[in-house]
Amino acid sequence: EQPTSQPSSQLTELPNLQQPSKQAITHPSKPSIQRNESAVLFKIAPTCLPSSVLTGEPSISPSISLSDFQSFFHSNNPSVVPIRTPTALPTVSPNVLPKWTPSVIPTFQPSRVPPSCIPTNGRTNSPSFVPIFEPSAAPIASFTITPTYHQSIVPTEAPSNSSSILLTKVSLTITPTMINLQSAPPHPFITLLNVSSISRRIDIIALIPFQGSVTCAALIPPTMPKSISSISLIGVLGTSNSLNVSMISISSLQPLTTYQVYCYAANSIGTVETSLDEVLSTSNLINTTCCKTVSQTTSTNFVYKFRNAINFLSVEISELPVQSFTLSIKSNSSVGLFSPSEYFITRDQSRSNLVLYSSVRSIPVGVYSYWIQLSGPSAKEYTVITPSRNGQSVSILSVLSINQEPPTPVLSFAVYSNDGSFMTLTFDALTNKGRTSNTFDCSKLFYFACANVSHCQWKSSKTVQAYVRGDQHCASPGDAVFISGSSSVKALCQTADGECGSHTWKNASTAVSIQISPPLYPILPSVVISSPSSIGSCDNLTIDISSSSGSGGRPWKSVSINVEGSDSRSSSNIKNFLDAMYLVSPPPHISSSLIAKGHNYTFSVRLCNFLASCGEAVHRVSAVDSSIPVISLQGKKTRVILRKSLLTVPATVTVSSCSSSGSKMVLKYDWNILQDNQLIEVKSVSKDPAVFILPPYSLKSYTSYTISLKVTILQSLLSSAEFVNVRVTPGSIYSVIGGGTSRSVRVSSTLVLDASQSYDEDIFALTGTAAGLQFTWSCSTVLPTFNNSCDSNLQLQYKESSLLIFALSTSLGTCSQVSLIVSDSRNARYAQSTVSIVVLPNTAALVTASSNRPRELINVGQSLQLVGAISFPNFADAVAVWSVDDKSVALSDIALSPVQFPLATVDSTSYLVIPPNSLSGGTVLTFKLTCWATNITTFATITIRVNSPPSPGIFQVIPNRGTELSTLFVLNAKEWTD
């Protein structure tokens, strides 16, 4: 068959992968066991044959009763009992009764005389002669138990190499085979010893009846798991200790929220699992204890007298209330410091409104104190977090005269990000950035371990992000950070002309050190074990954890791998090999000689990062005694993708043979995709049968899927299968207002703000209302005085994705801020953007700015094109200039177009083109197009975000030299974060 563009079942020819030929021991597979209440046939292997054969009638009557035999059977045989019997009972019994089952069955005959198999008058539990040595290999076969059905009344002649025990309701046929005496595992019942909540975390301590693992998930009622796999998909796993106790922590939950905790257990070899009914019946209801917070930050630690400080205070509410509360900003000023000073928060409020802004009114020189006060039914749900200065919790506002030196900035806080990829350093006030560029060598301003090989970026005039070198000895939580002695960090001059005499101001103290704090919610390592679930008799095994994430861009602080299996000796040998030889990358191959065929193994991996956060995962492997397709699905077992993303699941399939023949094998590939255990009609578009590909927008958001692959060798019809889980999460919503972040309108004229290009990443090729987006506009007056409304200077007309603005005749010289919230139809996702509106005289030019990037986001390797439009009411001599707020960016040197040009027509268009690799990654740049004409200056701005490349990462080639067409090289990229 030839593969098609949408293969669900495809064939491919695979040459035999030759390995050294070896003599394999054949072990029978274990068939299913069934039960009935009449008669059952079991095959039990003695080490030699009975001395007598069956005759038509038994010469000796059985000397044991049915109850005696049942007691003997249940004490000496597996606990699994057949459930199916024949419809008729035999009427004869054998003339020989085997009397024992050896306690140790070697895989070869001992050198001594074997034990006697001739029955005696009395039944015993041990052979008449016992071998005096242990076999060199543990038995690796198990009972072959097969129900047979005797329809005739009189049995026919029995085979010469077997004997039968016939009791009233039971018939046993004994044939030479190999056995492994082991009982079935106990029922996987979970006892939840303790379920407790600490802050936003739930801790579970569970007892299970065997060595294995417990996986728990916390869901908000009425949501319930639909299957065990759905718990596995979102749950947290914990392996049991020597006392069969598992401890699981589920973190980053919503505060003061009710959760239902669901847990299931699995034994160490994955053959026993708790049923969904038991999981639901043993679930536990618990509340997270805290903490909803109200936190505040300020744009600076002072303002100048009689000047409005726009959005001076920002207040963030972590979660919506159960009911409602009122947030008030109080102060010791009789005239009131803030506007607005009171907010009413309800449970139905949009989550986009959980960040509140308040501005400082024009007030005289002085030192003022302020605080946040909560009242109402839900006030007790929250803790108000007040920023600290020099170790003291304060809320102080200093109002200075124009020529007064402001307080010297203090390095007040250092904390690692949740994923450990960078460290945030925060000053308590706006700084002059130490006269550095936006991106700089960290050692120019700071001293910490590895500062000289780490790079820093200013995110604002008071915040720096430090991307610390990913070595184990570099700065970690608990270490100290200083300001470098060679730095000159001063307060930022905030006068309009930039003249403050700041060169005489004090530098920030280099004697103050702060301790690096760990993140509040450190990332939990995601342990990914890439390994086949089944291997053949001659296959080596690789346990690859190199795709695991959450290391924080550093080597793992600790790696531990435990091995358990149905064969303890080989499990111990594999564990010893991994302890001595294991590397994360490249991982070593576990030789097939260490693996006992016909057995199952469970590999438990625990990884811990430098943030003291650990994660675990379990992988089970079955070793079969035949040549089967060995499948590895590259990547994570559980994958999280966006709906807009291409889904690719590549498979690597090998078939190894113990023989030296070079015959080729034809493989058949069958891919399926299931949703809630139901097959869905979604087909791969790949032309390669070993790769499953779905184009973007093929799957639904908020939905989980299982993708499975079955590969069959057509010559032998032997097959194996693998699967991955895929969870589709929603994308982002983007609020896009055309024309730039600052706009102007002439007095008594109209301006239209158009947000129709706003879009939802989950909706293909549609924008605005066509994509189901909802638009909420608001407006506040910034100058000359702050007001929550724009009614006194602007007349607004809302039209869904557009806003029509008419500047009243009284609005000349005013500045307003228009805010837009764009949300989806469920109000589950949102985006916000703002535009400043300045009202100009009738003779002024109007300026707009836009970019060729709809999201105003570019990668370092992309070019940037900005478009400026300038319109005059009447022709006038004018000049336009492009500029940028980062002084380290020399536009005139890097731009491919003029940055300054004369305007010769009433309507002009200006382009600013910046080539790739000209801007630093991780920066936020504000470009301004300014027009000077008839003594009136107008401008427009647009903000561009330059995406950071992945960092810090390591690239290795192992070995670093070799011979062409001979040496196998491993190219390894690890510890990269983005």
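Modeller: Among the contacts in the protein chain with a separation of 6 or more, 71% are between residues 24 or more positions apart, a contact being heavy atoms within 4.5 Å. The model is a predicted one, in which local features need pLDDT of at least 70 and side-chain atom pairs count only at pLDDT 80 or more, while totals for chains, interfaces and linings use all residues. Residues are numbered from 1 along each chain as its sequence is written, and side-chain values use heavy atoms, with hydrogens and water left out.

The protein chain has five helices and 65 strands, taken as DSSP runs numbered from the N terminus, with at least four residues of H or I for a helix and at least two of E for a strand. Of its 978 residues, 45% are buried, that is, under 20% relative accessible area, whereas exposed means over 50% and partly exposed lies in between, with a 1.4 Å probe and protein chains only.

Turning to the cysteines, the count of disulfides is five, each being a pair of cysteine sulfur atoms within 2.5 Å. One of them joins C216 and C263, with the sulfur atoms 2.0 Å apart, and because the torsion about its S-S bond is about 110°, this disulfide is right-handed. C216 belongs to strand β7 (residues 212–219) and C263 to strand β10 (residues 258–267), so the pair ties together parts that are 47 residues apart in sequence. C216 and C263 are both buried.

Another disulfide links C442 with C456, again with S to S at 2.0 Å, and its torsion of about 110° about the S-S bond is why it counts as right-handed. Here C442 sits in the loop between β26 (439–441) and β27 (446–447), while C456 is in strand β28 (residues 455–458), so this pair ties together parts that are 14 residues apart in sequence. The relative accessible area of C442 is 0%, which means that C442 is buried, and C456, also at 0%, counts as buried.

C450 and C474 are likewise joined, S to S 2.0 Å, but the torsion about their S-S bond is about -75°, so their disulfide is left-handed. Since C450 is in the loop between β27 and β28, and C474 in the loop between β29 and β30 (480–483), the pair ties together parts that are 24 residues apart in sequence. C450 and C474 are buried as well. C815, in contrast, takes part in no disulfide, as the nearest cysteine sulfur, that of C790, is 9.4 Å away; with 15% relative accessibility, C815 still counts as buried.

As for the rings, the whole structure holds 13 aromatic pairs, where rings of Phe, Tyr and Trp (its six-membered ring) pair if their centres lie within 6.5 Å, and planes under 30 degrees apart count as stacked, over 60 as edge-to-face and the rest as tilted. F422 and Y467 make a tilted pair, 5.7 Å from centre to centre with 50° between the planes. F422 is in the loop between β24 (411–416) and β25 (423–427), and Y467 is in strand β29 (residues 463–467), so this pair ties together parts that are 45 residues apart in sequence. Both F422 and Y467 are buried. Ring pairs also connect F427, F440, F446 and W458 into a cluster.
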